[in-house]
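Please take a first look at the protein below. A short report on its fold comes after it.

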Amino acid sequence: MFKLVIADDEIRIREGFMRIVNWADMRFQVTGCYSDGSYVLEHLRREHVDVVLTDIKMKNISGLDLAQKIKEEYPNTYCVLVSAYQEFDFAHQAIALGVKDYLFKPTRLNDIRRVFVKLAQDLEHESELLEQQDVNRCKYEEMSQLWRSQFLYDLYMGAIRNEELIKKQEEHYYPEIKRCAVITVDYSVDLSAQQQEEVQGILYRLFQGTLEHTTFDAVSFEDNTLSVIAVADADTLKEDEEALSIRLADLVMQADEAAGIKLCKVSVHTYKTLYAFSCRPRRMFHSAAGQESPELDGSSQAHFRLQQRALLSYISADDEEKAQALAGEMVLQLGNLSPAMAQMLVVDTAASI
């Protein structure tokens, strides 16, 4: 039901609108009936009203003045004016004030129904649009968070190393921070490989949030190590680091109490800029057996670099066939390495592209 308020200084007309018209049949509920526009404004201050039906001429605040106030202060409320034929010029003035429609005296039921059935349809359509906007906004906010998390993951993996590009992304994802600094926190988690898969989603959801000047995300959970990255304000880095430490300690306690996941902080690092973070030495990946993944020997490294340059050349020349064939060869070669080392080399190739 849509909310309707009626205003007319003649009691006979007010009662006629209240008693004779079947408002519920047109999906309206009368929530107020007043003799003057000032009472209508008081009502609007208390609660939202969808439509105000008001006479043009009233003693203290006229229908035109009321329409002006509604336009200025309550733009989501429709206004319908009632006027005599000799007040037709006033009605035209009302249209300029954004009045939705008007009725002439004596007001006929058919005219009222025509106007308010159309109003109900318009209000229904607006409600659907607002609902869809809310859905779209929620989806956009959810996607923005995912994109921001992906951006941090790309920085963490070294997939973005162009300073200008990083600066643009920084301005897009963190517009409220003038100078972005980075805080990284690593936790060890004593779990089996199967348990890691089970708790990864829990940890990623838990270690994600926003503080006053800081946003943080869990970006990696490999080799029983959870890595959390926080983007903070460089001008308040010390205070932000303290606030983040308190918040993360609380999340560590929640992980233990709610899911039995025990985390132990092993390292904390700070970087003055996002670009400095992207240029940091990347940690060595480890195999499932706990041994360091074998490095590519010198000749293999040189061969792989040549393949990277050739792949870039084929892509630049739009030679899809050669690019696909060479990419296939490179993937086969990476199959001899541990998944973590292969992933790092693929990211390195992607960053070059």
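Predicted model: local features only at pLDDT ≥ 70, side-chain atom pairs only at ≥ 80, totals over all residues.

Residues are numbered from 1 along each chain as its sequence is written, and side-chain values use heavy atoms, with hydrogens and water left out.

**The whole chain**

The protein chain holds 12 helices and 10 strands. Both are DSSP runs numbered from the N terminus: helices are H or I with at least four residues, strands are E with at least two. Of its 353 residues, 41% count as buried. Buried means under 20% relative accessible area, exposed means over 50%, and partly exposed lies in between (1.4 Å probe, protein chains only). Among contacts with a separation of 6 or more, 67% link residues 24 or more positions apart; a contact means heavy atoms within 4.5 Å. The chain exposes about 20400 Å², and carbon and sulfur atoms supply 51% of that. Areas come from the Shrake-Rupley method with a 1.4 Å probe.

The whole structure has 0 disulfides, a disulfide being a pair of cysteine sulfur atoms within 2.5 Å. Cys79 is buried, at 4% relative accessibility. Cys33 is partly exposed, at 30%.

**Around strand 1**

Strand 1 (residues 2-7) is largely enclosed by the rest of the structure, because 5 of its 6 residues are buried. Strand 1, helix 1 (residues 11-20) and strand 2 form a right-handed β-α-β unit. Right-handed means that, with the strands pointing away from the viewer, the path from the first strand over the helix to the second runs clockwise.

Three pairings are set out here; strands pair if DSSP finds at least two bridges between them.

| Pair | Sense | Bridges |
|---|---|---|
| Strand 1 and strand 2 (residues 28-34) | parallel | 6 bridges |
| Strand 1 and strand 3 (residues 51-55) | parallel | 4 bridges |
| Strand 8 (residues 215-222) and strand 9 (residues 225-233) | antiparallel | 7 bridges |

Leu4 stands opposite Val30 in strand 2. Ile6 has Leu53 in strand 3 as its bridge partner.

Five strands make an open sheet in the order 7-8-9-6-10, with antiparallel pairing. Which strands stand at the edges? They are strand 7 (208-210) and strand 10 (263-271); each has a single partner strand, so one side of each lacks a neighbour in the sheet. The twist averages 20° from one strand to the next. Thr215 faces Val231 in strand 9.

Helix 5 (residues 109-157) packs on this sheet and touches strand 7, strand 8 and strand 9. Its direction makes about 55° with that of strand 8. Axes are lines fitted to C-alpha atoms, for helices over the stretch in contact, and angles run from 0 to 180 degrees between N-to-C directions.
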